[in-house]
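Open the model in your viewer and keep the selection tool at hand. The stops below tell you what to select next and what is there.

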Amino acid sequence: MNKREELLTEKQIRRRTFIAFTFLFLFLGSAIIGWQWLHRQPADHGAIQPLRKVLDANEFIFSSLFSKRHFAKTYSPDLPLPHPRVNGKIGLNSAFDTATWKLHLVKAPGDTLLIGIDEIKALQKTEIIFDFKCIEGWSQVTHWGGVRFSDFVKKYGLDEQSKMMFTGLSTPDDEYYVGIDNKSMMHPQTILCYEMNGKPLPLNQGYPLRLIIPVKYGIKHLKRIGTISFSNYRPPDYWYERGYDYYSGL
């Protein structure tokens, strides 16, 4: 290689290095400016507005694709673990008198039914063994028994309520609450659950009654149901208010 070629090569290297560092600094500068811009955006239900718009767009897409023919995979009885994990204790910490519990079913303003656990157990029982998925990243095959929500709706004459857009559920102390689209609530695998592994629910799993809804992440599986209501607007939702996805579907 002669001197001219060596000089040309060194010049090309310097030029490419300069271009590379220029693009690097432009990228870093753009990232910093973009990050600062994001942090200046107003909050929308616990999330910055651009992120909330993305979550709402995802919800629109996934809810549009929802089908009652889509079932969560089920498993044989020998697979569930004997001690399922507890995905949160919010709403379970206050003093609770199991003997006086009644489900408050709000059919309409001023029209509330009080339903005991024995009345719910009198309905046809169904069981489901599925892979319970938590937003924390873990999953576990679990075995639950209870009453299909759709059967509960039929028993208590809730046809008009089930045609509304949403169901709201909350714990007796109102510390934890969820809002769920009624398409998912009426899914055949959604149950009002009173058993785990063939035995009554433990207190830390929502005794005497909890929701099991396999088409949703665990944050929607409200433990210790105190109140059920219906509406055509989004009911309050604990984790949605803290920046999570309202739909939370699988």
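Helices (H or I, at least four residues) and strands (E, at least two) are DSSP runs, numbered from the N terminus. The model is predicted: local features need pLDDT of at least 70, side-chain atom pairs count only at pLDDT 80 or more, and totals for chains, interfaces and linings use all residues. Residues are numbered from 1 along each chain as its sequence is written, and side-chain values use heavy atoms, with hydrogens and water left out.

**Stop 1: a residue in helix α6**

Select M185, which lies in helix α6. Is M185 buried or exposed? The terms are set by relative accessible area: buried means under 20%, exposed over 50%, and partly exposed in between (1.4 Å probe, protein chains only). M185 has a relative accessible area of 0%, so M185 is buried.

**Stop 2: the pockets**

Pockets and cavities are found on a 1 Å grid over the protein atoms alone. A pocket is an open set of points with protein on both sides within 12 Å along at least five of seven lines, while a cavity is a set of points where a 1.4 Å probe fits but cannot get out. Lining residues have an atom within 4 Å of a point. Grid points are joined across faces, edges and corners, and a volume is the space filled by probe spheres set on the points.

Select S63, M165, F166, D181 and K183, which lie nearest the centre of the largest pocket among the 16 residues that line it. The elements giving two or more residues to this lining are α2 (49-65), β8 (177-181) and α6 (182-185). The volume of the largest pocket is about 280 Å³. Its lining divides into 8 nonpolar, 3 polar and 5 charged residues. Here Ala, Val, Leu, Ile, Met, Phe, Trp, Tyr, Cys and Pro count as nonpolar, Asp, Glu, Lys and Arg as charged, and the others, Gly among them, as polar.

Move on to the second largest pocket, which holds about 240 Å³ of space. Of the 16 residues in its lining, select N87, G88, Y176, I219 and W239, the closest to its centre. By class, this lining has 8 nonpolar, 5 polar and 3 charged residues.

**Stop 3: the cavity**

How many cavities of 30 Å³ or more are there? The count is 1. The largest cavity holds about 50 Å³ of space. To see its lining, select P84, R85, N87, F132, W138, Q140, T142, W144, Q205 and R210. Strand β6 (residues 139-148) gives the largest share of this lining, with 3 residues. The classes are 4 nonpolar, 4 polar and 2 charged.

**Stop 4: backbone details**

Select Y207 and P208: the peptide bond between them is cis, with omega near 10°. P208 is placed in the loop between β10 (199-200) and β11 (210-212).

Next, select N197, in the loop between β9 (191-196) and β10. N197 is not a glycine, yet its phi is positive, near 55°. With a relative accessible area of 26%, N197 is partly exposed.

S248, in the segment after β12 (227-231), also has a positive phi, of about 50°, although it is not a glycine. The relative accessible area of S248 is 5%, so S248 is buried.

**Stop 5: salt bridges**

A salt bridge is a side-chain nitrogen of Lys or Arg within 4 Å of a carboxyl oxygen of Asp or Glu. The structure holds 8 of them.

Select K125 and E195, whose closest N and O atoms are 2.6 Å apart in a salt bridge. This pair links distant parts of the chain: K125 is in the loop between α3 (117-121) and β5 (126-133), E195 is in strand β9, and they are 70 residues apart. K125 is partly exposed at 38% relative accessibility, whereas E195 is buried at 15%.

Then select K133 and D131, whose side chains meet in a salt bridge at 3.4 Å, N to O. K133 is partly exposed, at 32%, and D131 is buried, at 17%.
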